[in-house]
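Dear colleague,

Please find the structure below, for you to look through. My notes on it follow.

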Amino acid sequence: MISLLITLVIGAVWFYISLPALNLHNTGVYSFILILLLVYILVFMITLGVDTGKQGIHLRDYLSFAKNQCKAVVIIVVALVILFIVGQIISAPIFRSGSYRDLLEVETGDFSTEIEQVSYDEVPMLDESSARRLGERKLGELSDMVSQFEISYDYTQINYKSRPVRVASLEYGDFFKWIINRKEGLPAYVTVDMVTQEAQVVRLSGLGLDGMHYSPSEYFTRDLNRTLRFRYPTYMFSSAHLEVDENGQPWWVCPRETRTIGLFGGADVIGAVLLNACTGESVYYDISEIPTWVDRVYSAELIQEQYDYHGIYVNGFINSLIGQKEVTVSTNGYNYLAMNDDVYMYTGITSVSSDESNIGFLLSNQRTKETTYYSAPGAIEESAMESAQGVVQDLGYTSTFPLLLNIGGQPTYFMSLKDGTDLVKMYAMVNVSQYQIVATGVTVAACESNYLSLLQQHGIAVNVDKDSEIVIDQSNITGTIAEIRTAVLDGNSWYYIRLDGSEVFYAIAASTDRNVVILNVGDSITIQADPDGTGSIVNATAISTDGTIPEPAAAAPEAETEPATEDVEEETTE
């Protein structure tokens, strides 16, 4: 009884700290039970006065003692070991490849008819690292919070009031700051609009709510994981994340996992616990009953894992090793797209061999796991990113992981280009099938216009829908340079070019087309001008020499559409 009591005390303390799910599908519970049984045997030996420190006692003496004095415990240990080994065997893909293949049901769709040209109000312009940087800067502006709280590293992308938004919880700066602030709780959460790039600290008091008293940064009984474990001791949870409902109320979404193949294979989600971050009230929903405002139940990593099983074992286990007919895997990355008030995970699909090309891509609803494969052969995302970065290599910009969009009826990679501070400076579009076709722009509209122009120059028809074709007004003006003026506006070098016989100056920034810096009076050039431009100064999007049609790089920023109105110092080249 003494040994049992001591073992139970040790087990209770260990359970409070490690929080294993009491479920035979959880491998961690086996080690938890086995170690407790071994602790019981050791304590039993000590309480009976066995000299465990005696030099003459060897392993066989311990085994003999356990066999004679703790037969029931030894039987339980052996049974658990056998169950664990058998569970691993019956869960192995070599025996259950068909079950692994069927974890994810994949429909086949048609890109040109099913993927509509989305509104740019629904396309995320930032990635998580950029959102994190904007959130940190916003919190740094609030003196009453920055000294006491930090922002969680996990920014969840959700669809909030039909806008793609990333949301993150605040965290206590350290244990002592938790002691000071625990009564009021966490006072706010942070949102970053992925389109407008606007960060906002949402104070819960402004919504008529109390502070968040349940989160991963809490201690003791209010710690989120501990709360979940004591209320649902047998549930296995994947990582919880923060979402907000349409009223701004913060909730922790805690997906419940199970194993569907044998004892330990085939991880899948069967439901979720929604826990009110302010009050701690919780409710469990089966997967088919999840409220529609919840955007993520299935993580992108889980969907990728299940598709890889689907693609690898499409023709059985042996084929996955020998021959590898029709074997495919997801690419090394993913992104998110907001559609129909849901969030979809996007990832490319490539053959198992390293051939640097995609055969298509997946869109998977993160709330329902409805997954569709679209055939769109072309370059892999990494190649498109490198192609876009090559256009702006002199500026040192890096590319975010792209999304695949329908632009003018063409499968197109869309990505943001960031500077060294993780701020978005430009946008790029790369044609999937011909990734040498790259357009950039300082605005999305300019980037799209340049991209559609490039498609037509390469003989590729572009369409708004299947019944109408876009006609791009090139607005090309050819002539000889009569005058060049320069000015510096907001740190950008601008060039103003007047042609012979014209009084109009065409304005273009060096960051838009670096070739402009080597132009001289007397050069014969072709200018692609803004077709809507009027007045004595008109913006240009590209300039070429030798009478060739220019390939646009970017349009001028909207805020600088009339640079002549600025008071700047000018130079005239005679």
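Strand E28 and its neighbours

In strand E28, the bridge partner of Phe505 is Ile537. That bridge belongs to the pairing of strand E26 (residues 505-509) with E28, which runs in the parallel sense over 3 bridges. E28 also pairs with strand E27 (residues 524-529), here in the antiparallel sense and over 5 bridges. Within this second pairing, Ala529 has Ala540 of E28 as its bridge partner. E28 itself spans residues 537-545 and is mostly covered, with 8 of its 9 residues buried.

Please keep in mind that this is a predicted model.

The chain as a whole

The protein chain has 14 helices and 29 strands. Of its 574 residues, 51% count as buried. Its accessible surface comes to about 27,100 Å², and carbon and sulfur atoms hold 52% of that. Among contacts with a separation of 6 or more, 55% are between residues 24 or more positions apart.

Confidence

The mean pLDDT of the chain is 85, and 88% of the residues reach 70 or more. Residues 465-474 stay under 50, and the model gives this stretch 21 contacts beyond four places in sequence. The pLDDT is also below 50 over residues 547-574, a stretch with 79 contacts in the model beyond near neighbours in sequence.

One of the residues involved is Arg256, whose bridge partner in E10 is Gly271. The hairpin of E9 and E10 has 3 residues between the strands, and Gly262 there takes a positive phi near 65 degrees.

On its other pairing, E10 meets strand E11 (residues 282-286) in the antiparallel sense over 5 bridges. Val273 has Tyr284 of E11 as its bridge partner. E10 and E11 also form a hairpin, with 5 residues between them, and Gly280 in the turn has a positive phi of about 85 degrees. How many of the 12 residues of E10 are buried? The count is 11, so E10 is largely enclosed by the rest of the structure.

Aromatic pairs and charges over rings

A search of the whole structure finds 30 aromatic pairs. In one of them, Phe15 and Phe230 are tilted, at 6.2 Å centre to centre with 35 degrees between the planes. Phe15 is in helix H1 (residues 2-18) and Phe230 in helix H10 (residues 224-231), so this pair ties together parts that are 215 residues apart in sequence. Phe15 is buried, at a relative accessible area of 14%, whereas Phe230 is partly exposed at 42%.

Another tilted pair is that of Phe84 and Phe264, with ring centres 5.4 Å apart and planes at 45 degrees. Phe84 counts as partly exposed, with 28% relative accessibility. Phe264 has a relative accessible area of 13%, so it falls under the 20% cut-off and is buried.

Phe15 and Phe230 also belong to a cluster joined by ring pairs, together with Trp14, Tyr16 and Phe32.

Two arginines lie over ring faces. Arg182 lies over the face of Trp178, at 5.6 Å from the ring centre.

Two further residues

Ala199 lies in strand E6 (residues 199-203). Is Ala199 buried or exposed? Its relative accessible area is 12%, so Ala199 is buried. Leaving out residues up to four places away in sequence, Ala199 touches Leu134, Gly135, Lys138, Thr191 and Val192. Its C-alpha atom is 9.6 Å from that of Arg133, which is 66 residues away along the chain.

Ser320 is placed in helix H12 (residues 317-321). It counts as buried, at 9% relative accessibility. With residues up to four places away in sequence again left out, Ser320 touches Ile312, Tyr313 and Val327.

Regards

Methods
Residues are numbered from 1 along each chain as its sequence is written. This is a predicted model: local features need pLDDT of at least 70, side-chain atom pairs count only at pLDDT 80 or more; totals for chains, interfaces and linings use all residues. Side-chain values use heavy atoms; hydrogens and water are left out. Rings of Phe, Tyr and Trp (its six-membered ring) pair if their centres lie within 6.5 Å; planes under 30 degrees apart count as stacked, over 60 as edge-to-face and the rest as tilted. Helices (H or I, at least four residues) and strands (E, at least two) are DSSP runs, numbered from the N terminus. Buried means under 20% relative accessible area, exposed over 50%, partly exposed in between (1.4 Å probe, protein chains only). A charge sits over a ring if NZ of Lys or CZ of Arg is within 6 Å of the ring centre and within 35 degrees of the ring normal. pLDDT is the predictor's confidence in each residue, from 0 to 100. Contact means heavy atoms within 4.5 Å. Two strands pair if DSSP finds at least two bridges between them. Accessible areas come from the Shrake-Rupley method with a 1.4 Å probe; for residues, only the protein chains shown count as cover.
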